[in-house]
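My plan is to go from the whole to the parts, then to single residues.

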Amino acid sequence: MSKIQKWEELSRELAFQKYSRKIEKVMFKLPDGKESDFYIKKEGPAAGVLAMTKDQKVILVKQFRPGPGEILAELPGGFVDLYESPEVTMERELMEETGYKGKVQLVTTCFDDAYSTMNRYCFVATECEKVGEPQAGEHEFIELELVSLEDFRKLLRSGSMTDVEVGYLGLDFLSLL
């Protein structure tokens with residue numbers, strides 16, 4: 001029997017908010033009786049997709065990311081809109097960011113990190129075809145890149161991209177690890 005137990009939440013307050021980003025200060029009573037505060041990213045669900053063309057190229061979006069201060073290769077995705085299903089959001093995001101459509105399938109969901117409320121929906125999109133031009137959002141300045149499976153695996157292993165979990169879960173789902 002596990003000795004690990006849930007902590008008692010004592011209070012919660014908004015510490016910061018801008019755009020869709022929120023940080024909450026949450027006070028907990030720990031198992032040893034002490035109290036401690038933690039700062040939690042209050043985020044809604046997001047969706048990410050491992051999208052592949054008919055000739056097995058992985059569709060990546062390159063853009064500058066202010067957190068690491070680097071241009072990163074990313075899998076298409078975004079926050080799930082309030083009145084959309086994760087599947088509809090993923091199909092829309094794939095089209096908006098890349099101009100591609102494909103057969104979209106849910107793989108699983110996963111946590112973003114230990115200090116976030118985000119639940120990430122992980123998808124694969126196979127047999128993708130270009131049907132239009134990307135329609136980048138207000139803060140998106142993107143460039144598409146199609147890479148081979150071999151190069152994508154190397155990129156995943158390098159740790160120099162976001163959404164690594166979506167990539168590995170998608171490759172596993174498609175038996176391409």
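This is a predicted model: local features need pLDDT of at least 70, side-chain atom pairs count only at pLDDT 80 or more; totals for chains, interfaces and linings use all residues.

**Surface and overall layout**

I started with the surface: the protein chain exposes about 10900 Å², and carbon and sulfur atoms supply 52% of that area.

Next I looked up the extent. The C-alpha trace spans about 60 × 40 × 30 Å along its principal axes. Of the 177 residues in the protein chain, 34% are buried.

I then read the secondary structure. I found three helices and 10 strands. Along the sequence, the pattern runs β-β-β-β-β-β-β-α-β-β-β-α-α.

I checked contact order too. Taking contacts between residues at least 6 apart in sequence, 56% join residues at least 24 apart.

The chain has 23 positive and 32 negative charges, and their mean positions are 4 Å apart.

**The cores**

Which residues have the most contacts inside the largest nonpolar core? I listed Leu-50, Val-58, Leu-60, Leu-75, Phe-152, Met-161 and Leu-171, in a core of 17 residues. At least two residues of this core come from each of β4 (46-53), β5 (58-65), β9 (119-130), α2 (149-158) and α3 (164-173). The most comes from α2, which gives four residues.

I followed Phe-152 next. Setting aside residues up to four places away in sequence, Phe-152 touches Leu-50, Val-58, Leu-60, Leu-75, Val-147, Met-161, Gly-167 and Leu-171.

**Helix α2**

I asked which residues of α2 are buried. They are Leu-149, Phe-152, Leu-155 and Leu-156. Around the axis they cover an arc of only 120°, so they sit on the same side of α2.

I then looked for the cover. The buried residues of α2 are covered by elements including β4, β5, β6 (70-74), β10 (143-147) and α3. After α2 comes Gly-159, with a positive phi near 75°.

**Helix α3**

Ser-175 follows α3, and its phi is positive, near 55°.

**Positive phi in loops**

Then I went through two exceptions.

Gln-56 lies in the loop between β4 and β5. Its phi is positive, about 65°, although Gln-56 is not a glycine. Is Gln-56 buried, exposed or partly exposed? Gln-56 counts as partly exposed, because its relative accessibility is 37%.

Asp-163 is in the loop between α2 and α3. Here too phi is positive, near 60°, in a residue other than glycine. Asp-163 has 16% relative accessibility, so it counts as buried.

I looked up Tyr-115 in the loop between β8 (100-111) and β9. Tyr-115 has a relative accessible area of 45%, so I logged it as partly exposed. What does Tyr-115 touch, not counting residues up to four places away in sequence? I found Phe-38, Tyr-39, Ile-40 and Lys-41. I also took a distance: Tyr-115 and Arg-92 are 23 residues apart in sequence and 28 Å apart in space, C-alpha to C-alpha.

Glu-133 sits in the loop between β9 and β10. Its relative accessibility is 53%, so Glu-133 counts as exposed. Leaving aside neighbours within four places in sequence, I found Glu-133 in contact with Met-95 and Gly-99.

Notes
Residues are numbered from 1 along each chain as its sequence is written. Side-chain values use heavy atoms; hydrogens and water are left out. A nonpolar core is a set of buried Ala, Val, Leu, Ile, Met, Phe, Trp, Tyr and Cys residues joined through side-chain atoms within 4.5 Å. Buried means under 20% relative accessible area, exposed over 50%, partly exposed in between (1.4 Å probe, protein chains only). Contact means heavy atoms within 4.5 Å. Accessible areas come from the Shrake-Rupley method with a 1.4 Å probe; for residues, only the protein chains shown count as cover. Lys and Arg count as positive and Asp and Glu as negative; His and the chain ends are not counted. The place of a charge is taken as NZ of Lys, CZ of Arg, CG of Asp or CD of Glu. The arc is that of the directions from the helix axis to the C-beta atoms.
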